[in-house]
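Hi everyone, thanks for coming. I'd like to walk you through one structure today, so please have a look at the screen.

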Amino acid sequence: MKRETLIWTVVLVAAGLFLAYRSATNGVGHVYVDQTDIGWRTASPENVVAGTAAFSLSRTVGTWVAALFTLCILSFLYRDNPFYKFAEAVVVGVSAAYWMVVAFWTTLIPNLLGKLWPAWIQSWAMPGLSSVREPLWYLYLVPLGLGVMLLWRLAPKGAWISRWPLAFTIGAFAGLRMVSFIQADFLSQIRNSILPLIVFAENGAFDFWTSLRHVLIVGSILASLVYFFFSIEHKGVIGKVSKVGIWVLMITFGAAFGYTVMGRIALLAIRLEFLFHDWLGLT
Amino acid sequence: MYEFLKNLDRRWVFLMMLLAVAVPILFRAQFPERPTGLARAVFDEIEKLPAGSRVLLAFDFDPASEGELGPMATMVVRHCCEKKLKMYFIALWPVGPQMIDDVIHKVILSDFPELVYGEDYVNLGFKPGNEGVIKVIVTDWKQLYTTDDRGTNIDQIPMCRGIENIQSMDLVINVSAGYPGTKEWVQYAATPYPDKIRIVAGCTGVQAPLLYPYIPQQLPGLLGAIKGAAEYEELVVQKYDRKKGRQPAAKYQEAKRRMGPQLVAHLLMIGLIVLGNVVFFMERSRRP
């Protein structure tokens, strides 16, 4: 047996024995529930100790599956392995199926079939839906037609027909996003950047910190813009200002990296909290 | 030492990071939080609303980002409950309704059982269409929302009567993990209607730097990642627990609890960056 295999076998056997011991003595991973006015809720530790809470098999199985899948995914940090591949495949499969079901019940049924044949949909799928057709209900025949054309690519002939609805979708979204971008990110950002460099407080006194902040904002924007201005060679004053622009960009990237690290650590913390608290009962 | 560091297997770094996060969790290390301006802005926006005001809560996140965004979603809902605001929950992410249900059970049903579904809060569920949904409901609410998440006709829900569009809302609170999220709410709701739609948001760390340019004109308040959540948590707990002489429940201290591992992991990260740079410069100085 290879040395590495031996080490991992020992680690896994030790972990299994630890789990068996904790399961026998502390009920590791066992979930207890209380019946309340609002249904079954996870029981408080006091009720578990007092023996008034009921053991929930389904929630216990759920906790174990979640814990083992978490470990399978984390095992990728050591090396790619069959456990990781299995967990990854399950996640992909479940997500795809979930998306299909959600799309059927939230898009096709209420937004298309519910608009074209509301009484029929109300009778078997959505009782809360009004059975009266909207005045311009026939307009929904257009997305129905586009949807059928989109599926045409699966047919042996005439796959080109699916390009028309695709072109329509791309064109519509490009227009929609262009308008919002110009309004929210271009014009509004220019307006937001026009700031007074010398600010006075309401009592007439000079507001040093707000003035400094405005000077930094305006200066940073101008320096960054100069860095991306390539019509003039970056020499002399322009070169120095563009260097400041690089520093501004680097500080921005650093802040973004710091935030990303914080986010990832938070995600690791919640998984470890789950493993230690909900599964192993260590905390 | 130089050779050891230069050839260090990255799995040792992973192990160190695991310990840096795990040890503070096991020892329940917590540190005090001092709220900053952006968290205070979110708190003030909710705080200044009179009882009965309408608040649209858009929960655009999923279980993958629940660890980061769950605590701020919990506290936002608690704050709205304490202020007796009318809460309209929606989601632009397919698993958003589950996140909404989770918070409703955790906060409203557990601690505010006197609130009535349909009169004080309503779950309108998920709507597909990303920013298209926002674009429609800023002018015509009922074109998309005809039923709630349970399938009840919206006309039969008392708190939904008389709402033409989301300009009727006194505040929009978005908890966002990506696309569609806060950026789209700012682009399609807050920017075209600056006098009628006011938005505050909580977002993941990855998104936060991208949203800073919108502050404060287009986005008056922002809770950036778990740090923002911990600061906001402190403000709410201070006002609604400590001033009344109560100890906050553990579920209202989740973000603060997760800041313990953050501190240790960040110290490790800084140490590793410094060490990496030392090795880099040593290697460069040894080149012929």
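Let me begin with a question: which strands of chain B does helix 3 of chain B lie across? Before I answer, please keep in mind that this is a predicted model.

Here is the answer. Helix 3 of chain B lies across strand 4, strand 5 and strand 6 of chain B. Against strand 6 of chain B, helix 3 runs at about 125 degrees.

Now for the sheet itself. In chain B you can find an open sheet of 6 strands, paired in parallel, and the order is 3-2-1-4-5-6. Strand 3, residues 121-126, and strand 6, residues 221-224, of chain B are at the edges; each has a single partner strand, so one side of each has no neighbour in the sheet. From one strand to the next, the twist averages 15 degrees.

For one pair to look at, take strand 4 (171-176) and strand 5 (199-203) of chain B, which pair in the parallel sense over 5 bridges.

Another helix to find is helix 5 of chain B, residues 96-111, which lies across strand 1, strand 2 and strand 3 of chain B. Helix 5 runs at about 160 degrees to strand 3 of chain B.

Back to helix 3, residues 37-47, of chain B. This helix packs with helix 9 of chain B at an angle of about 50 degrees, and the two axes are 9 Å apart. That angle makes helix 3 of chain B oblique to helix 9 of chain B. Their crossing is right-handed. Helix 3 of chain B contributes Leu38(B), Ala39(B), Arg40(B), Val42(B) and Phe43(B) to the contact, while helix 9 of chain B contributes Gly228(B), Glu231(B), Tyr232(B), Leu235(B) and Val236(B). By type, the residues of this contact are 7 nonpolar, 1 polar and 2 charged.

Finally, let's see how the chains meet. Chain B has 43 residues in contact with 40 residues of chain A. Among the elements of chain B that give two or more residues to this side are helix 4 (66-82), helix 9 (225-240) and helix 10 (254-286). Helix 2 of chain B gives the largest share, 6 residues. The side of chain B that touches chain A has 21 nonpolar, 14 polar and 8 charged residues.

Definitions and conventions:
Residues numbered from 1 in each chain as written. Chains lettered and ligands numbered in written order. Predicted model: local features only at pLDDT ≥ 70, side-chain atom pairs only at ≥ 80, totals over all residues. Contact = placed C-beta atoms within 7 Å. Helix = DSSP H or I, 4+ residues; strand = E, 2+ residues; numbered from the N terminus. Nonpolar A, V, L, I, M, F, W, Y, C, P; charged D, E, K, R; others polar. Axes fitted to C-alpha atoms, helices over the stretch in contact; angles between N-to-C directions. Parallel < 35°, antiparallel > 145°, perpendicular 65-115°, else oblique. Left-handed = near helix turned anticlockwise from the far one by under 90°. Pairing = 2+ DSSP bridges.
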